[in-house]
Every structure is written in C-alpha cells, then in structure tokens.
Amino acid sequence: MVVLVSQLPSNSTTSHSTRIVQADQFDFMKKKFLGTIRRGASRGILDDCPDKKGTSEPEVDEMGVPIWDGCTKPNATKSDKKPGKKDSHPGTPSMEQCRRWQERLENVLDDPKGEQHFLLFLKREYCSENFEFWKDVKQLKRKKPQGERLKKDVKEIYNNYIGESASKQINVNGKLKVAITEAVNDPYLEMFDDAQKHVVQLMRDGPYTRFIQEKNILDILRGNG
C-alpha cells in the first residue's frame with residue numbers, strides 16, 4: 001500500500017519516528033472535499049461568478065487535492081476541455097472572414113467555417129446546447145421530412161433539448177415549452193421557430209460577445225482557436 005510520509009521535527013523525543021497518512025484515508029478526505037464542491041455548485045454558487053468558462057485546469061495543493069476557486073466548473077476533466085476525436089479543426093479563416101464575424105452573429109452562423117469555430121468555442125465554455133439546438137432545427141427544416149419521418153425527427157429534437165429529462169436542455173419559458181410539447185404528436189416544420197429565435201438571442205447576448213473579442217479572434221487567426 002502506498003503511503004505519504006512526513007518527518008517529525010528533529011527535537012522530538014521520537015526523532016526517528018514518522019507520521020504516516022494511509023492512502024485510503026487520503027482518498028476519503030479527497031472524496032469528501034469534492035463532494036462539498038458539487039453540493040455548493042448545485043446550490044447556485046457558480047451563478048455569481050464573473051467568469052464561468054472553466055477552461056483551465058484547477059490548481060492543486062501539495063497533496064494533489066484540487067483548490068476550487070468557486071468559478072471553474074467543479075467536475076471538469078481534461079477530456080472535457082478538448083474536442084472529441086469526431087471534432088476536426090475547421091482550419092484558419094481569412095482576416096476578412098473574421099472581420100465579418102465581428103459585425104453580427106448571423107455572419108458567423110451563415111459561414112460554415114464560422115459555425116465550426118463558434119461551436120468549438122462554445123464547447124470550451126460548456127454552453128454548446130443552444131447552438132446545437134439551433135443547428136438541429138436548421139437541418140430539420142432543410143431536409144423537410146414528412147409523415148412518420150417528421151414525427152421521429154421532431155421527437156428526437158424534443159427529447160434532446162426540450163423534454164424534462166433532456167440531456168442538453170435549453171432555457172425556454174414555460175409558455176413556449178408547453179406549446180412545443182403539445183405539438184410533438186402532431187408536428188409541423190415551424191414548431192421550433194420561436195425557440196430557435198430565442199436561443200439565437202441568448203447566444204448573441206452572451207457567448208458571441210466573448211467569441212468576437214480581439215484575443216479570441218487573434219487565437220483563431222494563429223490557428224489556436
């Protein structure tokens with residue numbers, strides 16, 4: 001069993017003795033600490049943080065226990081910070097493309113390369129669900145499915161983003177949520193339009209303003225974005 005050893009002061013009566021902290025005791029302390037963090041996050045402590053990006057690795061003390069700063073996402077891991085294997089880098093855009101992205105969000109969403117860079121940025125900020133919903137609705141309307149295929153595609157979007165147990169639940173008001181829920185069994189292509197407009201506004205007011213900041217645009221032009 002691995003142990004952590006710390007020497008006692010030389011003036012101790014037991015100068016050759018050691019104080020041993022067993023590994024299982026350390027693991028218990030670490031789990032208790034992380035549990036406190038998660039309970040704090042569930043009470044909304046993160047909501048008051050000025051910066052909730054969670055893009056940097058948490059600091060650790062000399063024993064390897066994370067030092068939570070109250071803002072970094074407490075359960076973030078290295079795998080959360082890097083796009084998965086299925087995500088490919090969209091490539092470096094031109095300066096003109098970046099200039100247009102800074103003018104308005106729609107210029108980002110109308111540019112395939114802009115979409116990809118924006119999605120990567122949102123994933124680093126742990127807030128990609130609004131974009132993914134917008135994208136899925138856009139593809140639904142482009143494909144224009146009918147009949148049972150339309151019902152299946154609508155149900156999938158609903159289960160992913162709107163339903164009570166949705167894995168990527170978006171923030172829509174109760175009235176809009178009820179209207180969508182009532183239309184699921186008798187769907188039509190435009191049923192998500194109001195929700196789509198709503199998430200676009202949320203992105204415009206929030207992550208888009210950070211995406212077009214000079215530092216991020218320069219990182220993209222250098223191939224680091």
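User: Is Asp136 buried or exposed, or something in between?

Analyst: Burial is read from relative accessible area: buried means under 20%, exposed over 50%, and partly exposed in between, with a 1.4 Å probe and protein chains only. Asp136 has a relative accessible area of 25%, so Asp136 is partly exposed. This is a predicted model, in which local features need pLDDT of at least 70 and side-chain atom pairs count only at pLDDT 80 or more, while totals for chains, interfaces and linings use all residues. Residues are numbered from 1 along each chain as its sequence is written, and side-chain values use heavy atoms, with hydrogens and water left out.

User: Where is Asp136, and which residues is Asp136 in contact with?

Analyst: Helices (H or I, at least four residues) and strands (E, at least two) are DSSP runs, numbered from the N terminus. Asp136 belongs to helix H6. Contact means heavy atoms within 4.5 Å. With neighbours within four places in sequence left aside, Asp136 is in contact with Ile157 and Tyr161. A polar contact is a pair of N or O atoms within 3.5 Å; within protein, one must be able to donate a hydrogen and the other to accept it, and residues adjacent in sequence count only if both atoms are side-chain atoms. The side chains of Asp136 and Tyr161 make such a contact at 2.7 Å.

User: Is Glu132 buried or exposed?

Analyst: Glu132 is buried, because its relative accessible area is 14%. Glu132 is also in helix H6. Its side chain has a polar contact of 2.7 Å with the side chain of Ser128. Not counting residues up to four places away in sequence, Glu132 touches Leu119, Lys123, Tyr161 and Lys168.

User: How do H5 and H6 cross?

Analyst: Axes are lines fitted to C-alpha atoms, for helices over the stretch in contact, and angles run from 0 to 180 degrees between N-to-C directions. The axes of H5 (residues 112-124) and H6 (residues 129-143) come within 10 Å and cross at roughly 145°. On the H5 side the contact includes Glu115 and Phe118, and on the H6 side Phe131 and Glu132. To class residues, Ala, Val, Leu, Ile, Met, Phe, Trp, Tyr, Cys and Pro count as nonpolar, Asp, Glu, Lys and Arg as charged, and the others, Gly among them, as polar. The contact of H5 with H6 has five nonpolar, no polar and five charged residues.

User: At what angle do H6 and H9 pack?

Analyst: The angle between H6 and H9 (residues 193-205) is about 140°, and their axes are 9 Å apart. Phe133 and Trp134 of H6 are among the residues in this contact, as are Val199 and Met203 of H9. By class, the contact of H6 with H9 has nine nonpolar, two polar and three charged residues.

User: How many residues has the largest nonpolar core?

Analyst: A nonpolar core is a set of buried Ala, Val, Leu, Ile, Met, Phe, Trp, Tyr and Cys residues joined through side-chain atoms within 4.5 Å. The largest one has 38 residues, and those with the most contacts inside it are Phe118, Phe133, Phe192 and Phe211. Its largest share, six residues, comes from helix H7 (residues 147-162).

User: What is the phi of Tyr126?

Analyst: Phi of Tyr126 is near 60°, a positive value in a residue other than glycine. Tyr126 is in the loop between H5 and H6.
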